[in-house]
Amino acid sequence: MLFYIPVLCLLISAAAFAQKKSIAARVDSLIKLMTLEEKIGQLNQYSGREVTGPATPRQTYMLNDIRSGKVGSMLNVHGVKDTREIQTAALQSRLKIPLLFAMDVIHGYRTVFPIPLAEAASWDLEAIQQASHIAATESAAAGLHWTFAPMVDISRDPRWGRIMEGAGEDVFLGSEIAKARVLGFQGDKLGENTESIMACAKHFAAYGAVTAGRDYNVVDMSNHTLWETYLPPFKAAADAGVATFMNSFSTVNGIPATGNRYLQRTILKGKWNYKGFVVSDWGSIKELVPWGYATDLKNAALKAITAGSDMDMESEAYKKHLADLIKEKKVNENLLNDAVSRILTKKFEMGLFDDPYRYCNEDIERRELNNPQHRQVARSMAQKSIVLLKNKNKILPLTPSTKTIAVIGPLVKSKRDLEGAWIPISDTTRVISLYDGLDSKISKETKLIYAKGCGINDSTADFSAAMDAAKNADVVIMALGESYSMSGESKSRTNIHLPGNQETLFEAVKATGKPVVVILMAGRPLIFNKIAEKADAIIYAWWLGAEAGNAIADVLFGDYNPSGKLPVTFPNSEGQLPISYIQYNTGKPSKGPNDIRYKSAYIDELNTPQYAFGYGLSYTSFSYSDLKLNRTNISGDEKLELSFTLTNTGERKGEEVVQLYIQDLVASVVRPLKELKGFQKIMLDSGQSKNIRFTIDRDMLSFYNEELQWTAEPGDFKIMIGAASDDIKLQTEIKLTR
Ligand code: BGC
């Protein structure tokens, strides 16, 4: 039997090779049959909001282009009926090349999951992968082939509304989540089944660092920071086989990303040898003109194709000008052939040439869009995304015998806000509000008294009904936060305090003397200093999607023990922004608030945040002890084993995210005080202990040196194990000798 295994492996890899070869061969022969216009057509992507339904001039225009082979992909056409109809139009073209249907499925298609930033708070890679897989299954069932997700932009500035779409501030966590999401959307092998779709790593690159947190603004940073902080999640996505990349609306060091040869050709298609294709962001090719980077649309087309942007989303720059640019010999036709071949390869891999209607099955659509299991997974994902920020005197979980609960705030009965920004179809009939969740959880003996108190962003101050409700209750639950339109694309804010009068409402309610539990719902880290100081308990619930109300009620009553940890730093004030746990000692380190004279500190603000990266409480407690190393020195490619004991010292079963941080004490480039290099999420019964192990290798001690080479320098390293970036429990030092 053993003898056959290598033979079998050989046969399998030969089959995989033959299939690959046959796709490459099929792409080559197809390209040979294509006219210049047909090739350019493959690079053209339209948004199809109006492509079905009553005829409009735009619809006629797009349909004519589709029928004559001048379109390669559509976005925003979804649902089997519509995708079938439009695919049929594409099959009327001379070469019958099928279209790719794409959409922004960012956190669920039919079943709305928590926003991506919330899911990142779970630090649960398996759960995140499963959530993406369900989004893919529903999308594929609705005729889609491709989602414009995951967004893998690191962001350290919550003024930027798009922080909600990513995995937060950290390179390591962000890269792990990027991989999990790509695998979730795509499965192990593209096109292997009709439950997976193509993913898209966006926005290449560094879009999360827009200056002053203002969307679409310039990005200016050293190449060192680009390589060390902003590129790794993209590399992780590429290594995980992501089918496509999207560039961005910003510049990177003076060159718009869409026209950026260094990013797209030198790094992505060069150093990384990436074989998928790059789609522009919406209209970002034509935006090269207002940027002052191209004289007109034709010049923009020239710069974008030269820089490596393969597909043109909604600029029509290639459609209108690429043929002339090639005839005028300003663009080499090989660049076009390369872009077309990348796009056709994905269509072959998705099985669309074998069956253009492969993802058009009404029965599957009906079944998957009403699959009750998806809601269960959404509930579990929402539970895991919740972060318990404060729990004074263990006021939570609430006891089932609580008689009267006042539920106060503008988000108590809200449904649309809980879906958050970036959802394909809003259907509030499918959303469980906090009120609904509590109502179905409490016993018959418990009474809920509701008062809205104020709107999310209004300035009225009649809190009397809310105060009456509080006075008549044993405990108050407040639901405060942002509306769904306050975070997301083009939703930058300079003031990220809780909007409107909500914090004043909190103070009025708190003044009644009743215990107050505050649930905060938002698409970004907010600032809420008074609540942080005075609330009895605080739950950060982001925008948790369709099952939000159930998941929050599960946590409030202890049916789920919170396990989330912040994937992003919560500042004390906007003046600290941008902020992250990545901090440097500086030449004048401050020891704290009383040590600021000629120190790297503020005279009017702390250096420390309100809540640090990695922070989050549980209803149980954990102790860390007995740190051991199997050796203290390593050299070359040797590895070192670290172990410690984690014990659940509380009364409930619960999960802890143990975090491994490393500091290179002296290096040729100044290194941060700590960088996350590993984590594990561990479930322990009350009283249970477990031996936890991490392996430390050379790669984890490496960084980009002055020449941008990834290298580890001999010397001493501090190794820290923490429950949060500002809560280090165990530490030791090791040495790299060579
Ligand atoms: C966004 C992209 C999105 C695209 C298509 C753009 O405005 O920046 O993230 O994928 O629209 O909807």
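## Starting at L708

Let's begin with L708, which touches N223, H224 and W227, leaving aside residues up to four places away in sequence. Keep in mind that this is a predicted model. L708 sits in the loop that runs between strand 23 (703–704) and strand 24 (710–711).

As for its distance from I115, 593 residues away along the chain, the C-alpha atoms of L708 and I115 are 34 Å apart.

## Around the ligand

The ligand has 13 residues around it, and the closest are D104, R162, K202, H203 and D281. Sorted by class, that shell holds seven nonpolar residues, five charged ones and one polar one.

Which distances go with the polar side-chain atoms here? For D104, an N or O atom of the side chain is 2.4 Å from an oxygen atom of the ligand. D281 has a polar side-chain atom 2.6 Å from a ligand oxygen, and for K202 the corresponding distance to a ligand oxygen is 2.8 Å. On its own the ligand would expose 310 Å², and the protein buries 93% of that.

## The nonpolar cores

In soluble globular proteins, nonpolar side chains tend to be buried together. Here the largest nonpolar core has 187 residues, and the members that touch the most others are M74, F245, I408, F528 and W542.

Take F245 as a way in. Not counting residues up to four places away in sequence, F245 touches C200, A201, F204, F234, A238, L268, W272, Y274, F277, V278 and V279. Apart from this core there's another one, made of 25 residues that include Y624, L640, F644 and L684.

## Helix 12

Helix 12 covers residues 317–327, and its buried residues are A317, Y318, H321, L322, A323, L325 and I326. An α-helix has 3.6 residues a turn, so residues three or four places apart point the same way. You can see that spacing in the buried set, for instance in Y318, H321, L322 and L325.

What do the buried residues of helix 12 pack against? Their partners are helix 2 (36–42), helix 11 (297–307), strand 10 (312–313) and helix 13 (333–349). Just past the end of helix 12, K329 adopts a positive phi of about 60°.

Terms used:
Residues are numbered from 1 along each chain as its sequence is written. This is a predicted model: local features need pLDDT of at least 70, side-chain atom pairs count only at pLDDT 80 or more; totals for chains, interfaces and linings use all residues. Side-chain values use heavy atoms; hydrogens and water are left out. A residue is near a molecule or strand if one of its heavy atoms lies within 4 Å of it. A polar contact is a pair of N or O atoms within 3.5 Å; within protein, one must be able to donate a hydrogen and the other to accept it, and residues adjacent in sequence count only if both atoms are side-chain atoms. Accessible areas come from the Shrake-Rupley method with a 1.4 Å probe; for residues, only the protein chains shown count as cover. Ala, Val, Leu, Ile, Met, Phe, Trp, Tyr, Cys and Pro count as nonpolar, Asp, Glu, Lys and Arg as charged, and the others, Gly among them, as polar. Buried means under 20% relative accessible area, exposed over 50%, partly exposed in between (1.4 Å probe, protein chains only). Helices (H or I, at least four residues) and strands (E, at least two) are DSSP runs, numbered from the N terminus. Contact means heavy atoms within 4.5 Å. A nonpolar core is a set of buried Ala, Val, Leu, Ile, Met, Phe, Trp, Tyr and Cys residues joined through side-chain atoms within 4.5 Å.
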